[in-house]
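Thanks for coming. I will go through one model today, chain A and then parts of chain B.

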Amino acid sequence: MRPAADMKDFRRDLVGLLPKLRRFALTLTRDAKDADDLVQEACERAITRSQLWNGEGRLEGWVYAMTRNLWVDEVRKRKVCGGGSMVDIFDEDELSAEPSRERAVYANQLQKMILSMPEGLASAFLLVNVDGYSYREAADILGIPAGTVMSRLSTARLRLAAMLSEDSERRA
Amino acid sequence: MQQTKGLALEIRLSAYIDGELPEAEKSELDALLARDEKARALLQTLRAGSAFGNKAFEDFLHDPVPLALVRQIKQGPGITPRFARVATANLPQRNARVWPRLAAASVVLLFLGGASGFILGSTVNTYVPGPEAAERPWVQEIADYHRIYARQKRHLVEVPASQAAEIETWLASSVGVAFNIPDLSPKGLTFEGARLLVANGKPVAQLVYRDRDGNIFAICFQRNGSSEQPDQFSETIRGDLSLVTWQKDKASFVLIGPSSDPALQDIAQTAAAVI
């Protein structure tokens with residue numbers, strides 16, 4: 001059991017991470033409501049298991065991995081409830097098809113563009129390009145091989161470059 | 001380090017950008033880039049995609065964090081955040097459903113209130129304030145002020161930030177607390193100006209800040225003796241607002257801002273160190 005003061009610090013650190021946790025959750029769920037629920041569950045789990053956090057490395061990475069695991073469970077649950085119609089994105093080596101337009105409802109145009117990327121791309125890009133994790137670390141968080149992180153990252157960059165081009169044309 | 005020989009060039013160049021290649025492969029790609037214009041163009045495209053993605057992901061951090069989630073983590077369990085989100089995209093639909101109910105409820109309450117008032121008014125002629133009125137904490141009054149002033153578009157402050165020296169002199173003499181206006185720009189807050197308020201019958205200085213999303217924050221302080229220990233920060237949430245209080249010398253301070261802001265305590269500590 002953590003001392004009360006440590007627990008307070010842990011909670012404070014967790015609150016400070018919320019915007020980043022929510023952003024990561026959005027790359028997994030690509031739906032704001034699902035992302036909020038997922039972050040809530042991840043934080044509850046992190047608090048419950050805070051004694052397991054040894055203070056080494058990045059707390060966000062630890063909670064990211066928890067978030068990803070919870071999302072895998074959720075996807076599996078939905079798959080069962082939905083009669084197996086839902087694709088388990090984390091068992092699929094190939095990327096799934098473009099998500100429906102209804103799912104890309106979030107915030108501004110740039111965010112919509114990001115959330116409209118095929119599943120798996122945004123998470124890999126976020127972890128490596130934005131948060132600065134190595135391929136190995138990102139692979140551990142996402143539960144996929146480092147080679148898959150590498151290929152998803154290059155695909156994400158090309159997609160984003162194409163979006164940039166479309167965005168520039170639209171503005172012109 | 002990743003072995004990428006035999007993989008598509010865009011994958012290899014992407015790993016090259018991330019510094020994930022062994023030295024031998026990096027040298028090989030350096031040589032390729034030196035002689036091959038298409039390879040250079042592809043590298044440029046990948047880099048442009050990276051920069052564009054970074055910008056887009058930065059925008060995600062400015063979205064409101066679910067209010068109840070912040071509360072639950074700060075204060076422990078007992079709240080069910082799933083039923084108390086920060087409303088964003090769904091707000092118009094929710095309003096459309098809620099307003100007719102509110103209007104109907106208002107009519108009923110007006111009727112009940114009128115009837116009750118008539119009955120009570122015939123038996124009670126005087127109102128004596130209860131002890132709770134005198135004991136009302138000053139931060140509650142500050143929260144009430146904040147809810148009103150934070151909505152002011154054109155008259156947010158009495159004295160604008162451009163008259164910083166005037167603000168320091170004026171408020172120090174009015175409140176009896178010497179201070180410096182904290183520069184909170186590293187925390188993303190721009191100083192807008194100041195007001196003089198009154199709480200519990202004492203003057204209160206209010207320094208007003210705005211973040212890049214337009215949210216209003218304020219540091220308020222009054223001369224006071226307090227039971228709070230110096231350098232101890234205490235955070236409480238009152239509805240949509242969060243208040244971080246602390247004591248320094250002979251003054252009580254409070255930072256007030258949206259309770260959905262996860263960095264409020266951090267901002268308070270920064271302000272306390274320099275004010």
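Two residues are in contact here if their C-beta atoms, placed from the backbone, lie within 7 Å. Among contacts in chain A between residues at least 6 apart in sequence, 55% join residues at least 24 apart.

This is a predicted model, where local features need pLDDT of at least 70, side-chain atom pairs count only at pLDDT 80 or more, and totals for chains, interfaces and linings use all residues. Residues are numbered from 1 along each chain as its sequence is written, with chains lettered from A and ligands numbered from 1 in the order in which they are written.

Chain A has seven helices and zero strands; helices (H or I, at least four residues) and strands (E, at least two) are DSSP runs, numbered from the N terminus. Of its 172 residues, 41% count as buried, that is, with 20 or more other C-beta atoms within 10 Å of their own C-beta, again placed from the backbone.

Now chain B, starting with strand β7, residues 251-258. Eight of its eight residues are buried, so β7(B) is largely enclosed by the rest of the structure.

β6(B) and β7(B) form a hairpin with two residues between them, and Asp249(B) in the turn has a positive phi of about 50°.

How values were computed
A residue is buried if 20 or more other C-beta atoms lie within 10 Å of its own, exposed if 12 or fewer, and partly exposed in between; C-beta atoms are placed from the backbone. Two strands pair if DSSP finds at least two bridges between them.
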